[in-house]
Amino acid sequence: MNDTPRAAPLLFTPIKLRSVVARNRIVCSPMCQYVSDDGAPGEWQLVNFGRFAMSGTGIVFGEETAVEARGRKTHHCAGLYKDSHIADYARINDFIRSLGSVPAIQLGHCGRRASAHGPLKERAALTEEDAQSGLKPWQGLAPSALPASPGGNVPRAMDMNDIKEHLAAWREATQRSIDAGYDIIEIHGAHGYLIHQFLSPVSNKRTDQYGGSLENRMRLALEIAEAVREVLPNDKPLFFRTSAVEGPGGEWGIEDTIALARALKERGVDVIDCSSGGISGDGPMPAIPRVPGYQVGYAREVKQKAGMTTMAVGLISEPRHAEAILQEGQADLIALARELMDNPNWPLQAARALGCEDPFDLVHAREAQRLRLREQHRREYAPGTEIKIPFGPTEEVPYSWSTLNTATRGRP
């Protein structure tokens with residue numbers, strides 16, 4: 001008889017990032033909600049992000065959160081640009097932490113993608129007509145005065161004073177994040193937002209020290225990383241989300257991302273979150289097929305060539321697929337977004353599928369007690385065994401495993 005303990009799935013092995021320990025490698029990826037009130041979260045965020053902690057997710061990111069009001073895409077996007085926001089986020093983080101998950105925040109600035117409606121209105125640009133219903137449009141900021149899409153609102157090209165103010169906003173938002181109880185901060189440098197706009201030659205046509213060469217186009221991203229790392233306590237990890245390759249017609253590719261990752265590592269960034277897309281143009285980049293794990297190869301390249309801890313994201317829905325990514329050394333963390341929306345109990349079900357010794361350790365004791373009792377009942381009454389259900393002190397009716405119901409009673 002082999003009494004050697006079975007190794008736990010890597011997906012459910014704790015990971016230590018500086019002083020922060022996540023109980024497993026499952027990450028709730030940032031998901032914009034578009035229901036904030038002047039940047040502040042409410043009951044929706046408490047329930048939405050809390051449910052992922054309840055199911056055993058190791059790290060729970062809130063939504064992409066603007067470092068200043070004009071850095072929001074819509075009037076209803078999240079922000080952390082007021083001290084009054086701190087208590088609202090702290091309430092959510094306290095709940096997430098009480099369930100054993102690590103609360104994390106993704107800070108960002110949308111740049112030229114500002115002043116729009118949300119996705120339910122096709123992200124249409126705000127107009128003066130919208131101002132009559134309280135949705136006043138505003139001008140976004142960008143490296144160059146180029147709209148995000150043909151015919152879109154034209155942003156204002158940032159001058160040196162804008163950049164100085166922008167870096168200050170990152171420092172202030174970082175301090176508020178700490179005060180709100182976040183253990184992890186991620187810088188959003190992807191998806192066509194402001195940092196990505198500076199990185200990409202498609203959207204950055206500057207001729208000063210922030211444009212032209214790759215080194216210059218990376219400058220703002222690196223300065224932001226330095227600003228955040230300067231405020232963030234040394235024992236707290238810093239993530240950076242990148243679009244490893246751009247959208248169709250883009251120019252930024254994986255070799256650029258590797259160079260960026262190496263520079264970010266030197267500045268104290270701990271994890272590269274490998275996403276893609278967000279900026280398109282007239283370049284040779286083809287469209288990215290949306291197939292399971294389509295961005296995993298980017299995480300593998302950054303991990304191997306930049307020596308970085310990486311997070312894989314993108315249509316990863318099968319537990320064995322997630323485990324294989326980790327076992328093969330392609331990434332260190334697995335991020336899920338829409339899969340968790342569809343199935344908030346994915347961590348618990350993945351633990352069962354991968355044969356964890358006690359999957360119910362993931363959930364609160366109040367739930368675990370009831371779920372273990374259910375499993376006990378299933379063991380006591382194996383499928384196919386002869387079962388009768390009592391209908392009275394002296395009456396029992398046969399139970400059918402094929403119909404999962406009792407037979408019709410024999411008496412009138």
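What follows is a set of questions and answers on strands, pockets and one loop.

Me: How should I read the numbering and the values?
Reply: This is a predicted model, in which local features need pLDDT of at least 70 and side-chain atom pairs count only at pLDDT 80 or more, while totals for chains, interfaces and linings use all residues. Residues are numbered from 1 along each chain as its sequence is written, and side-chain values use heavy atoms, with hydrogens and water left out.

Me: Which strands form the closed barrel, and in what order?
Reply: Strands here are DSSP runs of E with at least two residues, and helices are runs of H or I with at least four, numbered from the N terminus. Two strands pair if DSSP finds at least two bridges between them. The barrel has 8 strands with parallel pairing, and its order is S3-S4-S5-S8-S9-S10-S11-S12.

Me: Which residue in S10 stands opposite Thr242?
Reply: Strand S9 covers residues 238–243 and strand S10 covers residues 271–275, and the two pair in the parallel sense over 5 bridges. Opposite Thr242 stands a residue of S10, namely Cys274.

Me: What is the volume of the largest pocket?
Reply: On a 1 Å grid over the protein atoms alone, a pocket is an open set of points where a 1.4 Å probe fits, with protein on both sides within 12 Å along at least five of seven lines, and lining residues have an atom within 4 Å of a point. A volume is the space filled by probe spheres set on the points, which are joined across faces, edges and corners. For the largest pocket this volume is about 1,300 Å³.

Me: Which residues lie closest to the centre of the largest pocket?
Reply: Helix H1 (43–54), strand S12 (333–336) and helix H11 (338–342) each supply at least two residues of its lining. Of the 46 residues that line the largest pocket, the closest to its centre are Pro30, Met31, Cys32, Arg123 and Arg338.

Me: Is Leu404 buried or exposed?
Reply: Leu404 lies in the loop between strand S14 (395–400) and strand S15 (405–406), and has a positive phi of about 55° although it is not a glycine. Buried means under 20% relative accessible area, exposed over 50%, and partly exposed in between, using a 1.4 Å probe and protein chains only. Because its relative accessibility is 58%, Leu404 counts as exposed.
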